[in-house]
Amino acid sequence: PYTTPFRSLKKEKCSIRLVTPFLRVAGMSKYYSRKKQPFVQEEVDKTLLHPLEIKLILDVAKADVKEEVTMILKGNGLTVDLSGNLMEASYCDDKTGRCVRAISYPVFEEKIKKLKRLDIVIESKSMGKEILSVDMKKIW
């Protein structure tokens, strides 16, 4: 339950990571351990309430930093369009003209936890269409 798939798509121009509540707890535990502070049960309970988060990291040209990216989840008759449900950050290197664009999609759909397999469909003009299949038994 503490590992997540980390996949590289399009020859390392795009990678994706699934962050589960369990992974958040592991990260918070490590954080408090480094600070030599106790990780109290209240904090654990609060951290477990976070939704599944899909993080998409893109290596793009500066002109593509604001490009529209669609993200659709599909599995066992369920289709969830996350395209408008995102948080973004980007960093550009002026010397190379390349940028790292990070997009996080929180997934609040409870039905996803019951799926055995989930397909993540990512699409943009510069990247094209990618479909990533995830074995959900490996992340919950």
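Strands here are DSSP runs of E, at least two residues long, and helices are runs of H or I of at least four, numbered from the N terminus. I looked up Ile103 and found it in strand β7 (residues 98–107).

Ground rules for my notes: this is a predicted model, so local features need pLDDT of at least 70 and side-chain atom pairs pLDDT 80 or more, while totals for chains, interfaces and linings use all residues. Residues are numbered from 1 along each chain as its sequence is written, and side-chain values use heavy atoms, with hydrogens and water left out.

**Ile103.** Is Ile103 buried or exposed? I get a relative accessible area of 1% for Ile103, so it is buried (under 20%; exposed is over 50%, partly exposed in between; 1.4 Å probe, protein chains only). I then listed its contacts (heavy atoms within 4.5 Å), skipping neighbours within four places in sequence: Ile54, Lys55, Leu56, Leu58, Val69, Leu86, Met87 and Glu88. Leu86 is 17 residues away along the chain, and I have its C-alpha 6.4 Å from that of Ile103.

**Helices.** I checked α1 (residues 21–34) against α2 (residues 41–48): their axes come within 8 Å and cross at roughly 145 degrees (lines fitted to C-alpha atoms over the stretch in contact; angles run from 0 to 180 degrees between N-to-C directions). Among the α1 residues meeting α2 I noted Phe22, Val25 and Met28.

**Sheet.** I traced an open, antiparallel sheet of 4 strands, ordered β5-β4-β8-β9 (pairing takes at least two DSSP bridges). The edges are β5 (78–81) and β9 (128–135). β4 (residues 70–75) pairs with β5 over 4 bridges, and I see Ile72 opposite Asp81 in β5.
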